[in-house]
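Dear colleague,

Please read the notes with the structure open beside you.

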Number of protein chains: 2
Amino acid sequence: MTIRRLSVYARCLLHLEEDGVRTVSSQELADRFNLNSAQVRKDLAYFGEFGVRGVGYYVDDLRRHITAILGLDTQHRLAVVGAGNLGMALANYDGFAGRHFRMVAMFDDDPAKVGREVDHAPIIASRDMAREIRARSIQIAIVAVPTESAQTVTDQLVAAGIKAILNFAPARLKVPREVRFKNVDLSIELETLSFYLAKGSK
Amino acid sequence: MTIRRLSVYARCLLHLEEDGVRTVSSQELADRFNLNSAQVRKDLAYFGEFGVRGVGYYVDDLRRHITAILGLDTQHRLAVVGAGNLGMALANYDGFAGRHFRMVAMFDDDPAKVGREVDHAPIIASRDMAREIRARSIQIAIVAVPTESAQTVTDQLVAAGIKAILNFAPARLKVPREVRFKNVDLSIELETLSFYLAKGSK
């Protein structure tokens, strides 16, 4: 099972919990969230211990279990590098809030921004990045700088001992194997829509 | 084959073209871009007509073909709703630039922003959204407003005849079946990294 699907299930189960739903079958889950029902059935069978014959799965138990697998039962300390529009949008993104992730610092070069606070986290000068990442036990960094500075920033993060990087710059970055690295390419999502528009117009 | 994978291949092939590579085997493609090689072999076999035995695939022919399938041989006119940090970041996102998509308008409520230009596109008052979407033949809208206004904005877009919506607000939105709709949940990417951090620490 892909990690991405686990993450999607955790989200769906949380929505069900919020709606007061106590048990759910794989078919209901698939219908309600527009998922592939054969896939959901196969995936959830893996968590048979949380199922009850004829009823489905206990929503809270299953969600807690999946959350633990995802490593979301602890809080990860993260930094956002780049306090431009994208960095500020990410720092204020509702979806990142909550128990799982906590932004403890932002980094930027702009003296006009350094010293200000965003969502209780200070904006710190980029030249202090290595020291502050260690001092604040930051594990995850989000790269939200312009394309041309993305590799330099990434090299600095790696040198500072960061363990995981989420990159939003549309750049091809080199990262050593031991660092977990993920590119978020926002144009891929747009291209998916483009496909359906093209198909619809024929 | 998923549309998402097609989009990834199109990107990889473009990178190869930029690097002056003329032919590529599925194994080379997988190695170079860290893809699952069995999957790539299976997917590309579908495009056998662009292959040469013992050599691989012609990079430019294959890319042009995939681009056409994705509906990226025409230009889509899009609007960004919400000129806050996220909207501005998306409007200026390098990855959206180019021939495939063209932002022709932004919409916002803030009188201080209305009338300004972003990347040659005007910021227009939200109350004129329906009229301007029709007048400017806008097909795709990107929703980058706060969670609490996301459903209202989406309803207005649907009523104005928009065909595809890419939503960045972490909200559960209702959209009629005939409109192509995609949620971009940025926290899912973070959670994937969290999984690997948790695994590594055990």
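Asp43(B) counts as buried, because its relative accessibility is 5% and the cut-off for that class is under 20%. Please keep in mind that this is a predicted model. The partner of Asp43(B) is Arg5(B), and their side chains meet in a salt bridge with a distance of 2.7 Å from N to O. Since Arg5(B) belongs to helix α1 (residues 3-18) of chain B and Asp43(B) to helix α3 (residues 37-45) of chain B, the pair ties together parts that lie 38 residues apart in sequence. Arg5(B), for its part, is partly exposed, with a relative accessible area of 24%.

In chain A, salt bridges with shared partners join Asp128(A), Arg131(A), Glu132(A) and Arg136(A) into one network. Within it, Arg131(A) forms a salt bridge with Asp128(A), where the closest N and O atoms are 3.7 Å apart. Arg131(A) counts as exposed, because its relative accessibility is 51% and that class begins over 50%.

Which residue meets Glu191(B) in a salt bridge? The partner is Arg11(A), at 2.7 Å from N to O, and this pair crosses between chains, running from helix α8 (residues 186-200) of chain B to helix α1 (residues 3-18) of chain A. Both Glu191(B) and Arg11(A) are buried.

Taken over all chains, the structure holds 20 salt bridges, and the pairs described above are among them.

Note on methods. Residues are numbered from 1 along each chain as its sequence is written. Chains are lettered from A and ligands numbered from 1 in the order in which they are written. This is a predicted model: local features need pLDDT of at least 70, side-chain atom pairs count only at pLDDT 80 or more; totals for chains, interfaces and linings use all residues. Side-chain values use heavy atoms; hydrogens and water are left out. A salt bridge is a side-chain nitrogen of Lys or Arg within 4 Å of a carboxyl oxygen of Asp or Glu. Helices (H or I, at least four residues) and strands (E, at least two) are DSSP runs, numbered from the N terminus. Buried means under 20% relative accessible area, exposed over 50%, partly exposed in between (1.4 Å probe, protein chains only).
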